[in-house]
Structures are given as structure tokens and as C-alpha cells.
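Biologist: Before we go through the helices and the ligands, could you show me the model?

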Amino acid sequence: MKKEIRALSIENLITELEALKQPKFRAKQIYEWLWNKSCVDFEQMSNLSKELRNTLQQNFYINHITENITQKSSDGTIKMGFKCQDDRMIEGVMIPADNRMTACVSSQVGCSLSCKFCATGFLKRERNLEAGEIYDQVVLLNQQSLHHFEKPLTNIVYMGMGEPLLNYDNVMRSINLITTDEGLGMSSKRITVSTSGVARGIMRMADEGKKFNLALSLHAATDEKRLQIMDINKSNPLDTVIDALSYFYNKTGNKITYEYILFKDFNDSDEDAKHLIKLCKKVPSFVNIIEYNQVDGVEYTKATDERLQRFTMILEQNGIDAKVRRSRGKDIDAACGQLANKNKLHDRI
Ligand code: SAH
Ligand code: SF4
């Protein structure tokens with residue numbers, strides 16, 4: 001049976017190639033093709049002999065994703081639908097701004113957590129993505145960035161489909177590959193992992209000294225309210241999650257970003273702002289106030305501009321570092337929480 005070559009670490013690749021009577025430096029060359037040059041076809045590995053390319057072909061395969069459909073929003077945001085080799089579909093988004101080009105990548109096919117406001121949460125979780133499949137999204141979104149804006153990606157956010165910390169090993173490996181020189185060589189300071197609050201995963205990242213940014217999808221500052229919109233709060237109540245964040249901050253020195261979608265008449269009152277302030281004082285943090293993107297079949301709606309301004313003002317007056325984040329790519333369902341594979345495979349055929 002053929003083996004997935006990108007699932008192998010460099011050490012394992014060396015061992016595999018030794019068994020095929022190949023010297024160590026060949027493994028290094030191949031590894032460089034696979035990651036640094038993001039090559040997904042053995043035939044194109046031009047500094048390897050024809051014979052070796054055939055041997056690779058016979059013994060290994062490359063489990064990579066391919067572009068299925070690409071859409072461009074009127075605001076420049078680009079959404080890509082990708083097809084996995086098992087025909088499953090995922091989505092990634094490239095968001096251009098004056099000073100940064102951000103890729104938003106998926107970590108799972110679907111999501112098991114079913115948050116009440118999120119389109120991905122309405123899909124069932126089908127499987128975890130492999131590290132290579134996450135890496136491919138970055139590579140393909142970077143190509144779009146270069147093609148349309150003549151600039152490479154500057155930032156990566158794990159805010160697409162799925163819960164990154166429920167696919168811990170593959171997500172961490174993908175970050176390793178994105179940040180090492182053998183891969184894309186990006187700075188880990190430019191990477192943000194967003195979680196709905198998997199405390200165990202947060203503690204593990206802290207213990208492993210992970211240096212990237214961490215965002216918590218908070219959306220409500222009391223257990224009572226958060227339970228109404230996020231099932232994960234049953235197994236990971238706020239106290240437990242905040243303790244984990246505090247541990248993460250103490251170990252890494254990285255401030256936490258809280259994401260807070262402002263829903264009309266649900267979490268946008270002055271009292272809600274006070275609960276949020278109290279919570280924010282526990283761990284050094286920033287708050288992103290997020291405009292809610294309407295998802296079909298969801299009972300919640302977005303807060304009025306007036307409430308948004310007042311809510312933000314109350315936070316600021318109490319010394320909280322808060323910014324309003326407007327949505328991008330809404331016209332093509334590319335905004336936060338809208339990724340749901342609406343463009344199915346057959347749309348293209
Ligand atoms: N599962 C992870 C990462 C993916 S979701 C998490 O939940 O953090 C990325 C972000 O989009 C999260 O902050 C999520 O709460 C937010 N989001 C989900 N649905 C949204 C919607 N309809 N409008 C605005 N933001 C949404
Ligand atoms: Fe999953 Fe995040 Fe959407 Fe919740 S918000 S359903 S955790 S992707």
C-alpha cells in the first residue's frame with residue numbers, strides 16, 4: 001500500500017528512503033520539494049532522477065487539496081472552495097487590507113460544536129484535516145494574494161471551518177511547517193488560532209510554549225448566557241477556560257484576544273458590557289467587537305450601530321482595549337461564520 005508522504009516527518013522520510021536504498025540527502029531534497037516548494041507532483045521534482053521519481057510514485061502518494069471554485073467579493077475578499085482527495089469540500093478566505101494580507105484557513109471538515117450562530121456549526125463534523133491539507137490552503141491563498149494584489153500573505157488566522165483545538169496535532173504541525181524555514185518561514189507572531197474554548201488544548205499549548213496568538217470566541221461573558229449559544233460551555237465553563245487562558249498568558253506572555261459578536265437584545269446591554277469588563281480584567285487581553293453576519297435559520301440578529309458604539313464606549317471608558325471589526329466578504333458568504341460549502345462540487349461541473 002502506498003504511504004502518504006507528507007504525513008512523514010523528515011526523520012521518518014529518511015528512514016523510509018533508506019529502505020529504498022536512497023541516501024539521506026535525497027530525503028532532504030524531497031522534503032524541500034514537498035514543503036518549501038509546495039510541490040504536489042513527483043514528476044515535477046526536477047533534481048531527482050526519473051528512476052527515483054518512479055520509485056516515489058510507486059511507494060507514496062501526496063494527499064493534497066485542489067482549488068474547486070474561487071470567488072471575489074466587491075471588497076476584494078477572496079473565498080476559495082477546495083476539494084480534498086476524498087471529495088470532501090472545505091473553504092478558505094483571503095482578506096486584503098492596506099497593511100496586511102490575511103488568510104483564514106479551515107482546520108476540520110464541518111464542526112462538531114454546533115454554536116447557534118455559525119453556519120459551519122450546522123454542518124456535521126466529517127473529519128479532521130491533515131497538516132498538509134491546512135498547509136495547502138495557505139499556499140493556494142498566497143497564490144491568490146500574489147496574483148490579485150502582488151503581495152504575499154502576511155497573516156494567517158485559524159478561523160475557518162472547524163475547531164482547531166479539537167484537531168490539535170495536525171493544527172500544531174501545520175503551524176510548525178508554516179513557520180519553519182523548511183516550510184514557508186513565516187513568523188509565528190503573524191499566526192492566530194481561534195478557539196471556542198477547549199481548555200485542555202489551551203493548557204497543552206501553554207505547556208508546549210507555543211508562541212502564536214490565541215483568540216477565544218467568547219460572545220457572552222456569563223455562563224448563563226454563553227450556554228444559550230455555545231454548547232461547548234457545558235463541558236468547558238468560563239472559569240475553567242479563563243484559568244487556562246491565564247496559564248497560557250503566564251507561560252507565553254501573549255495577551256489573549258476575545259472575540260465578542262454583538263447580538264441585538266442578547267448580549268449588547270450596558271449590563272452585558274459590565275460583565276465583559278469584569279471578565280477582561282482577569283487576564284491581559286484585547287477585545288474584538290464583531291459585527292454579526294446573518295446566517296439563514298438563525299434567530300439572532302446584529303446589534304444596532306447605536307448599541308455597538310455605546311457598548312464599545314463603555315469598554316473603553318473602563319480601560320479595556322476594544323476594537324470594532326467590520327465584516328468582509330459578506331456578498332460571497334466569506335465572512336466569519338458563513339463558511340458552509342454553499343458552492344457544492346457539482347456547481348462547477
Ligand atoms: N471554531 C473556532 C474557529 C472558527 S470560527 C472558533 O469558534 O473560535 C471563527 C470566528 O467566527 C469565531 O470567533 C466565531 O465565533 C465567529 N463566528 C461564527 N459565526 C459567526 C457569524 N455568523 N458572524 C460573525 N462571526 C461569527
Ligand atoms: Fe465550530 Fe467555531 Fe462555528 Fe462554533 S463558531 S460551530 S466552534 S466553527
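Biologist: Is the crossing of α10 and α11 left-handed or right-handed?

Modeller: This is a predicted model, in which local features need pLDDT of at least 70 and side-chain atom pairs count only at pLDDT 80 or more, while totals for chains, interfaces and linings use all residues. Residues are numbered from 1 along each chain as its sequence is written, chains are lettered from A and ligands numbered from 1 in the order in which they are written, and side-chain values use heavy atoms, with hydrogens and water left out. A crossing is left-handed if the near helix is turned anticlockwise from the far one by less than a right angle, and right-handed if clockwise. By that rule the crossing of α10 and α11 is right-handed.

Biologist: At roughly what angle do the axes of α10 and α11 cross?

Modeller: Helices here are DSSP runs (H or I, at least four residues; strands are E, at least two), numbered from the N terminus. Axes are lines fitted to C-alpha atoms, for helices over the stretch in contact, and angles run from 0 to 180 degrees between N-to-C directions. The axes of α10 (residues 270-280) and α11 (residues 305-317) come within 9 Å, and they cross at roughly 35 degrees.

Biologist: How many charged residues are in the contact of α10 with α11?

Modeller: Contact means heavy atoms within 4.5 Å, and on the α10 side Asp270, Asp272, Ala273, Leu276 and Ile277 meet Arg307, Arg310, Phe311, Ile314 and Leu315 of α11. Ala, Val, Leu, Ile, Met, Phe, Trp, Tyr, Cys and Pro count as nonpolar, Asp, Glu, Lys and Arg as charged, and the others, Gly among them, as polar. The contact therefore divides into 6 nonpolar residues, no polar ones, and charged residues numbering 4.

Biologist: Which residue has a side-chain N or O atom 2.6 Å from an oxygen atom of ligand 1?

Modeller: A polar contact is a pair of N or O atoms within 3.5 Å. A nitrogen atom of ligand 1 is 3.1 Å from a polar backbone atom of Phe117, and a polar side-chain atom of Glu163 lies 3.4 Å from a nitrogen atom of the ligand. The side chain whose N or O atom is 2.6 Å from an oxygen atom of ligand 1 belongs to Ser194.

Biologist: How many charged residues does the shell around ligand 2 have?

Modeller: A residue is near a molecule if one of its heavy atoms lies within 4 Å of it, and ligand 2 is surrounded by residues including Cys111, Cys115, Cys118 and Gly162. By class, this shell has 4 nonpolar and 4 polar residues, and the count of charged residues is none.

Conventions. A polar contact is a pair of N or O atoms within 3.5 Å; within protein, one must be able to donate a hydrogen and the other to accept it, and residues adjacent in sequence count only if both atoms are side-chain atoms.
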